[in-house]
Amino acid sequence: MPNRKELPPSLSRYTPADYYDTFENKLHSPVPPRPAELLQTIFTTYPKWVGSLFKLRNYLVKPFGLQGGKFTTEHFNRMIRKQDEKEVIEEMNDKHMLFALHLTITPAQQKNSYTVQMGTVVHFHNFIGRIYFRLIAPFHRLLVPSMLKHALKEIEKGTEKSAPATS
């Protein structure tokens, strides 16, 4: 279930939001990825079943003029509104809704451990945006934490492979 914390200060321009959530997970790695790189990893290395749902969504929303398509580096770079060493905010705005993603990476108390938070902010521009989001919200709440967890596992696997062997 998503955490319903207040919007972080960096997202104040999106208040009041029609919808907001945030999901949290831990990353165990000697060095954290940059937030923009992690967000790109989340949307490009997801499990096959997630890809199938994205394809279905893209097919179903086309008649309504909603944006879909593949996630590419160019796509991500166009969407970036803010990025630094701890946070990235990406935004997509179409005629039906404004959709913003934020991802933060902060050191956790345990050594080589980080807290990763990924959240969504939505503003509806019209009735179609509201209906669309109501239809996908149950999938959103399933997909976002699954995709985050999958990407963090991939990063941890990569870290394990590149770690020097100890005797």
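Which residue in β5 is the bridge partner of Thr 22? In the predicted model described here, that partner is Gly 119. The model is a prediction, in which local features need pLDDT of at least 70 and side-chain atom pairs count only at pLDDT 80 or more, whereas totals for chains, interfaces and linings use all residues. Residues are numbered from 1 along each chain as its sequence is written, and side-chain values use heavy atoms, with hydrogens and water left out.

The secondary structure of the protein chain consists of four helices and five strands. Helices (H or I, at least four residues) and strands (E, at least two) are DSSP runs, numbered from the N terminus. Read from the N terminus on, the order of elements is β-α-α-α-β-β-β-β-α. Of the 167 residues in the protein chain, 44% are buried; buried means under 20% relative accessible area, exposed over 50%, and partly exposed in between (1.4 Å probe, protein chains only). The accessible surface of the chain comes to about 10,000 Å², and 56% of that surface belongs to carbon and sulfur atoms. These areas come from the Shrake-Rupley method with a 1.4 Å probe, and for residues only the protein chains shown count as cover. Among contacts (heavy atoms within 4.5 Å) with a separation of 6 or more, 65% involve residues 24 or more positions apart.

The five strands form an open sheet in the order β1-β5-β4-β3-β2, with antiparallel pairing. The edge strands, β1 and β2 (80-83), each pair on one side only. On average, neighbouring strands of this sheet are turned by 10° against each other, direction ignored. Strands of a sheet pair through backbone hydrogen bonds, either parallel or antiparallel. Here, two strands are taken to pair if DSSP finds at least two bridges between them. Ten bridges join β1 to β5, eleven bridges join β4 to β5, and three bridges join β2 to β3. Within these pairings, Met 97 has Phe 124 in β5 as its bridge partner, and Lys 82 stands opposite Ile 89 in β3. The hairpin of β4 and β5 has five residues between the strands, and Asn 112 takes a positive phi near 55° in this hairpin.

Strand β5 is largely enclosed by the rest of the structure, because twelve of its twelve residues are buried. Both faces of the strand are covered: one side includes Ser 113, Thr 115 and Gln 117, and the other includes Tyr 114, Val 116 and Met 118. Thr 104, found in strand β4 (residues 97-107), touches Thr 115, Val 116 and Gln 117, and also Lys 86 and Glu 87, not counting residues up to four places away in sequence. Thr 104 has 14% relative accessibility and therefore counts as buried. Helix α1 (residues 35-44) lies across β2, β3, β4 and β5 (113-124) and runs at about 120° to β4. Axes are lines fitted to C-alpha atoms, for helices over the stretch in contact, and angles run from 0 to 180 degrees between N-to-C directions.

Side chains of opposite charge can pair when their charged atoms come close. A search of the whole structure finds six salt bridges, each defined as a side-chain nitrogen of Lys or Arg within 4 Å of a carboxyl oxygen of Asp or Glu. One of them joins the side chains of Glu 91 and Arg 13 (3.5 Å, N to O). This pair links distant parts of the chain, with Glu 91 in strand β3 (residues 87-93) and Arg 13 in the segment before β1 (19-28), 78 residues apart. Glu 91 counts as buried at 8% relative accessibility, whereas Arg 13 counts as exposed at 56%. Arg 13, Arg 81 and Glu 91 are linked in a network of salt bridges. Another salt bridge joins Lys 82 to Asp 84, the closest N and O atoms being 3.5 Å apart. Lys 82 is partly exposed at 32% relative accessibility, as is Asp 84 at 31%. In helix α4 (residues 127-162), Glu 154 and Lys 157 lie three residues apart, about one turn of the helix. Their salt bridge has its closest N and O atoms 3.2 Å apart.
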